[in-house]
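Q: I would like to learn how to read a few features of a fold. Please take them one at a time.

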Amino acid sequence: MSESFKTNPQLIALITDLKAKTRENGAALWRDIALRLEKPKRNWAEANLSKLERYAKEGDTVIVPGKVLAAGSVTKSMTVAAYSFSAAAAAGIAAAGGTTMTIRELMDANPEGSRVRIMR
């Protein structure tokens, strides 16, 4: 069995920056997200809007180390950061009054990683 490795330069840079932010601030959240993104893509998180609706509260900041999909609907206003979004999922979050952002944008906006909920 051959060893696989990441070839996407943007993903490699994101993982490196997440680990650097952990060393800089001591925020364990960013290292946890980096380790999850280092895993094979088939093991990444895929969260549906229904899962966000069920487990997140109004005004929460949620991070998905993978992709957000559009199954279900969302009625709460929340900030969702993920590696990628389906177009319908991003539209559903925006329609509920929430915002979408990349993991890098969240890392820059909240370097300490406080009050962030991880969805798997």
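A: Threonine 100 is placed in strand 4. Helices (H or I, at least four residues) and strands (E, at least two) are DSSP runs, numbered from the N terminus. This is a predicted model, in which local features need pLDDT of at least 70 and side-chain atom pairs count only at pLDDT 80 or more, while totals for chains, interfaces and linings use all residues. Residues are numbered from 1 along each chain as its sequence is written, and side-chain values use heavy atoms, with hydrogens and water left out.

Q: Does threonine 100 count as buried, partly exposed or exposed, and which residues is threonine 100 in contact with?

A: Buried means under 20% relative accessible area, exposed over 50%, and partly exposed in between (1.4 Å probe, protein chains only). Threonine 100 has 35% relative accessibility, so the residue counts as partly exposed. Contact means heavy atoms within 4.5 Å. Leaving aside neighbours within four places in sequence, threonine 100 is in contact with Val80, Phe85, Ala90 and Ile93. The C-alpha atoms of threonine 100 and phenylalanine 85 are separated by 8.5 Å, with the two residues 15 apart along the chain.

Q: In which sense do strand 2 and strand 3 pair?

A: Two strands pair if DSSP finds at least two bridges between them. Strand 2 (residues 61–69) pairs with strand 3 (residues 79–85) in the parallel sense, over six bridges. In this pairing lysine 67 stands opposite serine 84. Strand 3 also runs parallel to strand 4 (residues 99–102), joined to it by four bridges, and threonine 79 stands opposite threonine 99. Between strand 3 and strand 4 the chain passes through helix 4 (residues 87–95), in a right-handed β-α-β crossover. Right-handed here means that, with the strands pointing away from the viewer, the path from the first strand over the helix to the second runs clockwise.

Q: Which residues of helix 4 are buried, and what covers them?

A: Ala89, Gly92 and Ile93 are the buried residues of helix 4. Seen down the helix axis they fall within an arc of 95 degrees (taken from the directions from the axis to the C-beta atoms), so they line one face of helix 4. Their cover includes helix 3 (49–55), strand 2, strand 3 and strand 4. The face turned away from the buried side carries the exposed residues Ala87 and Ala95. After helix 4 comes glycine 97, with a positive phi near 95 degrees.

Q: How many aromatic pairs does the structure hold?

A: A pair of aromatic rings is described by the distance of the centres and the angle of the planes. Rings of Phe, Tyr and Trp (its six-membered ring) pair if their centres lie within 6.5 Å; planes under 30 degrees apart count as stacked, over 60 as edge-to-face and the rest as tilted. The structure holds one such pair. Tryptophan 44 and tyrosine 83 are edge-to-face, 5.1 Å centre to centre with 75 degrees between the planes. Tryptophan 44 lies in the loop between helix 2 (28–38) and strand 1 (45–48), and tyrosine 83 in strand 3, 39 residues apart. Tryptophan 44 is buried at 10% relative accessible area, while tyrosine 83 is partly exposed at 25%.

Q: How many salt bridges does the count come to?

A: Side chains of opposite charge can pair when their charged atoms come close. A salt bridge is a side-chain nitrogen of Lys or Arg within 4 Å of a carboxyl oxygen of Asp or Glu. The count comes to five. One of them joins aspartate 17 and arginine 104, with the closest N and O atoms 2.5 Å apart. Aspartate 17 lies in helix 1 (residues 9–25) and arginine 104 in helix 5, so this pair ties together parts 87 residues apart in sequence.
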